[in-house]
Amino acid sequence: MTIPTSGHGPLGPAPARCAALCLAGVAATAAGLLLPAVLGHALDLLLAGRPATRWVLYCAALVLLLALLDAAQTVLGGTLDALTTARLRERLTGHVLAVGPAVRFGPGDLVARLVGNAAQAGTAPAARAALLAALAGPLGALVALALVDPWLAAVLLAGAPVLALLLRAFARDTRECVTRYQEAQGRIAAALSEAVAGHRTIRAAGIARRETARILRPLPDLSAAGHRMWRVQGRAAGQSVALAPLLQLGVVAVAGLLLARHRLTVGDLLAASRYAALATGVGVLVARLATLARARAATGRLTEVLAEPAPVYGERRLPRGRGGLELRGVTARRGGRTVLDGLDLVVPGGTTLAVVGRSGAGKSLLAALAGRLADPDEGEVLLDGVPLRELSHEALRRAVGYAFERPALLGGTLAEEIGLGPVPVPAARVREAARRARAEDFVQRLPAGYATRCADAPCSGGEAQRLGLARAFAHGGRLLVLDDALSSLDTVTEARITGSLTGSGPDATRLLIAHRPVTAARADTVAWLDGGRVRATGPHERLWRLAGYREVFGA
């Protein structure tokens, strides 16, 4: 199971680094295989009283080469792990943001996958390269034994099937254990994220101990999976340790018999003992297989996230227009429930529409559909006659602006947060947008003004909403969607901002999610949602005569 990544990055081309790591590993294996033969030949020369200086130097050169290749593998492996992990995290983050609320994993689980699982999956290319070198060692040692004497290779081959079965069982069991371990980690992270988000509720209810127990409930599963993982690795190591010395002893015993019959030299015996150790040294293979099993299990968890379908954009651009919005037969379901059912709605360009309805009527979902933050299950949404699915991403985001009940302030300066969007915003427009959103007064009271970082400027709910409104105003667009973006404002500020919106001219369409009668009264038209459909439309004054409409506002 693999996750494709881009070919280039800040540290250079990943395929080239992977190939270099493979070559370094294979070269180190080749040097390690040459060393016993060279060392054995040098020993034979010394025992025969012949000059052996050149072969001793060869041995020293091979040892030095092995040290250099080991350092190269360490550097290449580390940088390849870091580069692959960075690319995986970049791709996973982009995909999650593209999918948005439709992703079926909780925030804590996603963080666990993005941080821990991505780091483990990032080791896969280096682990595969290391496994190739680890496999080349025993195979090369077997060939070398055959070259020394075929009987030596035959003795080793007698136990090879048993070793192969042990390694296969180890790889299978390790991946199963690691998968369970990572799933338990994800459940703990998800519960912790929920608790952090609701910390005020937990403190107010005095249930910290109960929440701690809930967060740590998967710990027994985590412990069981961890213990089983160590038992599997320990059993594999123990079985290999029991078998490997027997095979080595068999090879050395046969080599001794051949030496007694003058078919081998002392140097050959030395080389054969080293090759037997290399051929049966499955400890390195066990470690490489364990690393690869962890990487494959983590890759599987990342693949689950990447399998979530992301929205596909078209290539069309919008014609000239004032932001006319139309919903045709729109049906949207959430959690198995039909929230909007065959909804039809037309908002003429340049007008202001207030959407009202009881809690759960689908107001926020309609707001999300209007700017394609979500797609309907059935039907179509059009902006100035163009289906939103056919618009390019750039054209759509330039045309539609949003302000939310809880705007996200992402850590930059206040000026950067207001200017956050698809295109840079001049400083003069940032200030004008802040004035229009009635945010400039409290921004200018801060020591650094617009250069104050959000972390140094704790905002009330109303102040944060005004910054979100300023962000929407700064980028303009032909459709402005306010999803409950006035709920935390005092009535005077709300009245001023609403008056600014409705009196700003016919160049843009405004869609307001309204909870107060005064907000609905300032709109050109009100759409009353009930039962997943538009129950009635018209001016607020006319709808106010209906008892059911008044009940929406608790009147």
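Buried means under 20% relative accessible area, exposed means over 50%, and partly exposed lies in between, with a 1.4 Å probe and protein chains only. This is a predicted model, in which local features need pLDDT of at least 70, side-chain atom pairs count only at pLDDT 80 or more, and totals for chains, interfaces and linings use all residues. Residues are numbered from 1 along each chain as its sequence is written, and side-chain values use heavy atoms, leaving out hydrogens and water.

Start with the whole chain. The protein chain holds 20 helices and ten strands. These are DSSP runs numbered from the N terminus: helices are H or I with at least four residues, strands are E with at least two. The C-alpha trace spans about 115 × 45 × 45 Å along its principal axes. The radius of gyration is 34 Å, whereas a compact globule of 555 residues would have a value near 24 Å. That radius is taken over C-alpha atoms, and the globule rule is 2.2 Å times the number of residues to the power 0.38. Of the 555 residues, 44% are buried. The accessible surface comes to about 27,600 Å², and carbon and sulfur atoms account for 60% of this surface. Areas come from the Shrake-Rupley method with a 1.4 Å probe; for residues, only the protein chains shown count as cover. Contact means heavy atoms within 4.5 Å. Among contacts between residues at least 6 apart in sequence, 76% join residues at least 24 apart.

Six strands form an open sheet in the order 6-7-8-3-9-10, with mixed pairing. Two strands pair if DSSP finds at least two bridges between them. Strand 6 (400-404) and strand 10 (533-538) are the edges; each has a single partner strand, so one side of each lacks a neighbour in the sheet. From one strand to the next, the twist averages 20°. Axes are lines fitted to C-alpha atoms, for helices over the stretch in contact, and angles run from 0 to 180 degrees between N-to-C directions. Strand 3 (residues 352-357) and strand 9 (residues 525-530) pair in the parallel sense over five bridges. Gly357 has Leu529 of strand 9 as its bridge partner. Helix 16 (residues 461-475) packs on the sheet and touches strand 6 and strand 7 (479-483). The direction of helix 16 makes about 180° with that of strand 6.

Most residues other than glycine have a negative phi. His262 has a positive phi, near 65°. His262 sits in the loop between helix 8 (219-260) and helix 9 (266-280), and is exposed at 74% relative accessible area. Arg438 also has a positive phi, near 60°. Its loop joins helix 14 (427-436) and helix 15 (440-444). Arg438 is partly exposed at 32%.

Aromatic rings come last. Rings of Phe, Tyr and Trp (its six-membered ring) pair if their centres lie within 6.5 Å; planes under 30 degrees apart count as stacked, over 60 as edge-to-face and the rest as tilted. The count comes to six aromatic pairs. Trp55 and Tyr58 have ring centres 5.2 Å apart and planes at 85°, so this pair is edge-to-face. Both lie in helix 2 (residues 53-99), three residues apart, or about one helical turn. Trp55 is partly exposed at 23%, and Tyr58 is partly exposed at 38%. Trp544 and Phe553 have centres 6.0 Å apart and planes at 40°, so they are tilted. Trp544 is partly exposed at 29%, whereas Phe553 is buried at 15%. Ring pairs link Trp528, Trp544, Tyr549 and Phe553 into a cluster.
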